[in-house]
Amino acid sequence: MSTGDPWIAVDWGTTRLRAWRMDGAALRDSSASDLGMGGLHRDEFEPALRALIDGWRVSSAPLDVVACGMVGSRQGWVEAPYRAVPCRPVATEPVRAAAQDPALRVWVVCGLRQDSPPDVMRGEETQIAGFLGLNPEFDGVLCLPGTHTKWAQISAGEVVSFLTFMTGELFAALQGHTVLRHSLDAPGWDDDAFDAAVADGLAYPQKLAARLFGLRAGHLLQGNAPAVTRARLSGQLIGAELAAARPYWLGLPVAVVGSGDQAAAYMRALSNQGLSTVLADADAMTRAGLIRARALLKEPTS
């Protein structure tokens, strides 16, 4: 297997499937679909992948596909075991997934586990591996915003411990399925409202439930715009998260691995605490981590 061979890098989460056509470490093309693993039965994974990448296949030669994320969960294409921390984020050969097409060799990256307190990650370990491959001397903390935001302590190239927050999922649930939806019926954002809410959530995390209902009351009694309410909702949740994650960021180098508005919100919240935080693009880190995972593959015997 040559490092310059064509292959496919895949990030397959619960709601999204993203693929990149690679020549060695060079990106040639990308594609995505809404066929996340959460909506698929086991026998539907291969057809979903083929529908996305068949246009990239120019010969019948075997093609490696290296995937990370929830595709390796118990409900995924193949269950890839968790590796216990402390450990390097990607250090063992990915698990082979059975494919009907003999020209596809599909591999899935293992996740990480922490036994005390219990926690797991799938997909983020690949982003961490990509970041450390590009920043091998980094010792500190990585914040990986998402539906389930991860905070990972990094030392000597290993993930020492990590902590997961359901902040993104809570925001979506509160915005779409609680009384707050009536106060968030228009788009918009207010930076000052976000900053104030982060400070309040960080100072008084025990008051989170009351503060959340106060958002509805502020809309009814004070006419607060949806932009203000949305920013305050995000700020309260992130502020409470920062309070709980304080041992992971206080006085330590921190890098945020993410993209878009969510990563920008975390960057702003951390900057307001006086941290000089660097931002690394999530997709680029995922690809870099998948490149490292592919390098662990053994040459096929047939």
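In what sense do β8 and strand β9 (residues 118-121) pair, and over how many bridges? The two strands pair in the antiparallel sense over four bridges, where pairing requires that DSSP finds at least two bridges between two strands. A hairpin of two residues joins β8 to β9, and Gln114 stands opposite Asp119 in β9. On strand β8 (residues 111-115) there is also a parallel pairing with strand β5 (residues 82-84), over three bridges; here Ala84 stands opposite Arg113 in β8.

A word on the basis of these values is in order. The model is predicted, so local features need pLDDT of at least 70 and side-chain atom pairs count only at pLDDT 80 or more, whereas totals for chains, interfaces and linings use all residues. Residues are numbered from 1 along each chain as its sequence is written, and side-chain values use heavy atoms, with hydrogens and water left out.

Turning to the whole chain, nine helices and 14 strands are found (DSSP runs numbered from the N terminus: H or I of at least four residues for helices, E of at least two for strands). With a radius of gyration of 21 Å, close to the 19 Å that the globule rule gives for 302 residues, the chain is therefore as compact as a globular protein of that length; the radius is taken over C-alpha atoms, and the rule is 2.2 Å times the number of residues to the power 0.38. Among contacts with a separation of 6 or more, 64% come from residues 24 or more positions apart, a contact being heavy atoms within 4.5 Å.
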